[in-house]
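Please look over the structure below before reading the points that follow.

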Amino acid sequence: MYGRGDPSLGGPETSPDCANRFAAALAARGIRRVDGDLVADDTFFQGPSIGSGWEANDLQSWFAPPASALSVHGNVLQVRVARDGVRCCEVAVDPPDSGMQIVNQTANAATNDEDALGLYRAPGADTLYVYGALPSGVTTKTYVVSAPDPALLAGNLLRDALKQHGIALDGHVRVVHWPQADSAVTTPGTVTLAVIASPPLRDLIRHMLKYSDNLYAQTLLLQVGAHAAQRGICADRATPPRSSEGWGACALRAMLARAGIAPEDATFEEGSGMSRKDLVTPAATVRLLAWIARQSFASVLNDALPVAGVDGTLAHRLLGTFADNNLRAKTGTLTHVYALSGYLTNARGEHLAFSLMLDRYQRPTDTLGRTVAPSPTDDLDAITVMLAGSSP
């Protein structure tokens with residue numbers, strides 16, 4: 001099972017039954033037994049599956065799954081913590097054959113603390129510790145966490161599907177990660193038995209921007225990098241990159257240069273924007289948006305951006321304002337950093353490209369440390385409404 005970098009594989013909108021489709025295709029070819037191991041290979045991307053500069057504390061979170069060339073179901077798992085009658089707690093993982101090992105350290109304690117239950121997985125480990133207790137009156141809590149090994153998850157799902165289709169597996173599921181290599185991929189005579197094609201690129205971009213999906217963003221940069229490496233040209237570096245991420249960043253720098261953006265105004269090490277090493281000015285963002293508006297692919301970006309009051313990450317923002325169903329923009333959030341960049345049409349009929357960034361923004365809190373109004377989005381939205389309502 002060789003992944004080629006489709007981040008949507010197994011997703012609810014594209015191929016939720018991908019393992020079953022693969023198994024059915026093998027059964028249709030008359031295969032009844034696999035004499036050996038089922039190999040799950042994600043070496044199409046060269047380099048670690050964690051983006052450069054990603055913070056260790058984020059790595060178990062749903063928004064920071066590993067970017068594998070063999071991704072499945074968004075590379076996330078559901079962890080359900082529930083009472084067994086009146087006692088706490090049972091822990092279940094879905095899918096169950098995820099490669100995640102659970103250590104249940106929960107206690108049957110009475111507490112009103114909403115944060116009394118916790119999860120911890122060390123970076124790079126496959127053991128998840130569940131500790132603390134469910135708050136009183138709560139019977140179940142469900143968490144979405146990153147999968148420790150997406151390729152292993154994909155292989156296990158295919159193994160189960162093979163069994164359901166009457167195909168016996170004599171060996172085990174075995175994963176091959178970079179910098180390992182599996183010669184079977186390039187050996188002459190190796191036969192492709194089944195393929196699931198990705199959706200068109202424009203659909204992947206639309207999902208990425210509408211839902212601010214970090215896995216898609218990082219994977220698409222790696223995909224660009226894999227193709228750039230085949231060309232072997234990185235004009236602004238004395239030595240060529242050694243990873244798909246490095247090659248993707250090189251291609252990104254070349255595109256920014258074509259857009260007239262100086263290197264000191266934009267620097268990126270990875271594709272999702274989760275790294276603090278990614279730096280960009282609002283002026284550079286506006287220049288990029290204006291440049292894109294003149295390109296043949298401008299409609300792809302325009303259709304992919306969330307629309308205020310309508311869909312994506314802006315579905316519930318700016319309702320009933322001049323920007324409602326007018327503004328198309330991408331949100332951006334890190335601790336103490338909040339952004340909104342895109343396009344809108346003002347009251348004069350002018351089409352504007354804009355970029356708003358709140359940097360080193362510490363949210364106001366009360367004496368107990370709880371956040372209070374105004375929120376960063378309130379501030380960004382207020383400025384946006386002023387732009388949209390601009391009149392002669």
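**Notes on salt bridges and a helix pair**

1. Asp236 counts as partly exposed, at 37% relative accessibility; the term covers values between buried (under 20% relative accessible area) and exposed (over 50%), taken with a 1.4 Å probe and protein chains only. The side chains of Asp236 and Arg237 form a salt bridge, 3.5 Å from N to O. A salt bridge here is a side-chain nitrogen of Lys or Arg within 4 Å of a carboxyl oxygen of Asp or Glu.

2. The model is predicted: local features need pLDDT of at least 70, side-chain atom pairs count only at pLDDT 80 or more, and totals for chains, interfaces and linings use all residues. Residues are numbered from 1 along each chain as its sequence is written, and side-chain values use heavy atoms, with hydrogens and water left out.

3. Salt bridges with shared partners link Asp97, Arg159 and Asp160 into one network. Within it, Arg159 and Asp160 meet through their side chains at 3.1 Å, N to O. Arg159 is partly exposed, with a relative accessible area of 28%, and Asp160 is partly exposed at 27%.

4. How many salt bridges does the rule give? The count comes to 11. One of them joins the side chains of Arg276 and Glu55, at 3.8 Å from N to O. Arg276 sits in the loop between strand E11 (266-267) and strand E12 (279-280), and Glu55 in the loop between strand E2 (38-41) and strand E3 (76-84), so this pair ties together parts 221 residues apart in sequence. Strands are DSSP runs of at least two residues (E) and helices of at least four (H or I), numbered from the N terminus. Arg276 is partly exposed at 39% relative accessibility, and Glu55 is partly exposed at 35%.

5. Helix H1 (residues 18-28) packs on helix H2 (residues 150-164) at an angle of about 45°, with the axes 8 Å apart. Axes are lines fitted to C-alpha atoms over the stretch in contact, and angles run from 0 to 180 degrees between N-to-C directions. H1 and H2 are therefore oblique to each other, a class left over once angles under 35 degrees (roughly parallel), over 145 (roughly antiparallel) and 65 to 115 (roughly perpendicular) are set aside.

6. Which residues of H1 meet H2? Ala19, Asn20, Phe22, Ala23 and Leu26 in H1 are in contact (heavy atoms within 4.5 Å) with Leu157, Leu158, Ala161 and Leu162 in H2.
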